[in-house]
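Q: I would like to go through this structure with you, one topic at a time. Could you bring it up?

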Amino acid sequence: MSVADSKLRSRLPFSATTKIEEVDPKYKELILTLPKEDQWLAIELRKYGGFWYPERHFSGVLAMQEVFKSQPSDVIIASFMKSGTTWLKALAFAVLHREKYNLSSHPLLKLNPHDCVPIIEHHYATRDEHYLESVPSPRVLGTHVSYSMLPDSIKTSTSKIVYICRDPKDVLVSLWHMVTKFEWFNKPFPFAKAFELFCEGRMPYGPVWDHVLEYYTKSIRSPEKILILKYEEMLKDPSDGVVKMANFIGCPFSEDEMKIGSVEKIVELCSFNKLKDLDVNKNGSGAGNVPNNYYFRKAVVGDWQNFMTPEMANTLDEITKEKFSDSTFTY
Ligand SMILES: Nc1ncnc2c1ncn2[C@@H]1O[C@H](COP(=O)(O)OS(=O)(=O)O)[C@@H](OP(=O)(O)O)[C@H]1O
């Protein structure tokens, strides 16, 4: 990394991150020994336990693993970045708290979904984990960490995990667009570079395939613990996904609710067009000072066709096929 890049990184306006100099010394020592990847402009990565973590959040991942206490009623929204996290957070929050909030004055009309559903590791990274304790139960909390890195208290409690995954080709396109928005770097980040890193598994929280595989394998063994949702299926039939999730997290829709269209109303509240056009999501910034509009782009299936050559798509599909060759998982 050049000195200029290093200076720029130290000035990033994100507050939900910790500069390595500020990290608790007990984690800093370990982090500095880990393999490093610094080609994703604003996002420096460190490799641990087979996964690449953003350095600025990694002390949070370690602290979360060590001390986070899950409550039995927690609903954990787990995902690989750019797989539909924002949407699933909104839906889960709206479903779980549907008796508490009126749809016309709902928190999701004023807050970005990431501010309704905090990311556990970010709060440990900034050492304001007490915030998580102040969230009223039942809590909906988010995480991007791999299943193997989750704290035991999540794995062993009766809390539920809802995981969303998406075609890696669209994940890459979405991720690349977000990274290129860090325009203060004033430096090109060619799609071909992102593609190369992605194929090697060198991506934030990656490799994506291993991330999915861990959650999927666990969901097969413990279907009562983990529900896997697919972004593409959710786009096709969001109501079906919402009903599945409500049943899974233990708050099924009653017949009366079904009759008055409660599911459809929640789907509408959390729809891409509705959320994207809210003032808070057009002009606001939330968790970590990231502009909220970064979370809303196109929300379609197959946008990869506009950015990848057929050869690139084929290469990614082959990697996907190979990675899941011993598994029953398909996208
Ligand atoms: N409500 C809703 N419905 C459907 N799709 C949505 C919704 N909100 C966000 N999006 C699209 O999800 C993509 C962002 O993924 P994440 O939310 O996982 O991003 S993040 O990891 O939290 O940064 C990103 O996909 P792309 O448009 O392909 O980039 C968003 O546009």
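Predicted model: local features only at pLDDT ≥ 70, side-chain atom pairs only at ≥ 80, totals over all residues.

Q: Which residues come nearest to the ligand?

A: The ligand has 21 residues around it, and Thr85, Thr86, Ser174, Arg297 and Lys298 come nearest.

Q: Which helices supply at least two residues of that shell?

A: Those are α4, residues 85-96, and α16, residues 272-276. Helix α4 gives the most, with 3 residues.

Q: And what is the make-up of the shell by class?

A: The shell around the ligand has 9 nonpolar, 8 polar and 4 charged residues.

Q: Which backbone atoms lie by the ligand's nitrogen atoms, and at what distance?

A: For Cys270, a backbone N or O atom is 3.0 Å from a ligand nitrogen. For Phe272, a backbone N or O atom is 3.4 Å from a nitrogen atom of the ligand.

Q: How much of the ligand does the protein bury?

A: The protein buries 97% of the 640 Å² that the ligand exposes when taken alone.

Q: Turning to His144, where does it lie?

A: His144 is in the loop between β5 (140-143) and α8 (152-156).

Q: Is that residue buried or exposed, and why?

A: His144 counts as buried because its relative accessibility is 8%, and the cut-off for buried is under 20%.

Q: What does its side chain reach?

A: The side chain of His144 reaches the backbone oxygen of Ser79 at 2.9 Å. Leaving aside neighbours within four places in sequence, His144 is in contact with Ser79, Phe80, Met81, Thr85, Ile119, Glu121, Tyr205 and His211. One of these, Thr85, is also among the residues that come nearest to the ligand.

Q: On to the packing. Which residues touch the most other members of the largest nonpolar core?

A: That core has 67 residues, and Trp40, Ile120, Ile161, Tyr163, Tyr215 and Met308 touch the most other members. Helix α9, residues 168-180, gives the most to this core, with 7 residues. Another core, of 37 residues, lies apart from it and includes Phe93, Met245, Ala246 and Phe296.

Q: What does Ile161 touch?

A: Not counting residues up to four places away in sequence, Ile161 touches Ile76, Ala78, Tyr147, Leu150, Ile154, Tyr215, Lys225, Ile226, Leu227 and Phe248.

Q: Which residues of helix α13 are buried?

A: In α13, residues 238-248, the buried residues are Pro238, Ser239, Gly241, Val242, Met245, Ala246 and Phe248. Their cover includes α4, β6 (160-165), β7 (226-230), α12 (231-236) and α15 (262-269). Just after α13, Gly250 takes a positive phi of about 85°.

Q: Is Ala299 buried or partly exposed, and why?

A: Ala299 is partly exposed because its relative accessible area is 23%.

Q: Where are cis peptide bonds found?

A: The bond from Ser137 to Pro138 is cis, with omega near -5°, and Pro138 lies in the loop between α7 and β5. A cis bond also joins Gly206 and Pro207, with omega about 10°. Pro207 is in the loop between α10 (191-199) and α11 (208-221).

Q: Lastly, where is Tyr131, and what does it touch?

A: Tyr131 is in helix α7, residues 130-134. Not counting residues up to four places away in sequence, Tyr131 touches Asp115, Pro118 and His123. The C-alpha atoms of Tyr131 and Pro118 are separated by 9.1 Å, and these residues are 13 residues apart along the chain. Tyr131 is partly exposed, with a relative accessible area of 37%.

Conventions: Residues numbered from 1 in each chain as written. Heavy atoms only, no water. Near = heavy atom within 4 Å. Polar contact = N/O pair within 3.5 Å; in protein donor to acceptor, adjacent residues only side chain to side chain. Areas by Shrake-Rupley, 256 points an atom, 1.4 Å probe, with all protein chains shown as cover. Helix = DSSP H or I, 4+ residues; strand = E, 2+ residues; numbered from the N terminus. Nonpolar A, V, L, I, M, F, W, Y, C, P; charged D, E, K, R; others polar. Buried < 20%, exposed > 50% of the residue type's maximum accessible area, 1.4 Å probe, protein only. Contact = heavy atoms within 4.5 Å. Core = buried A, V, L, I, M, F, W, Y, C linked by side-chain atoms within 4.5 Å.
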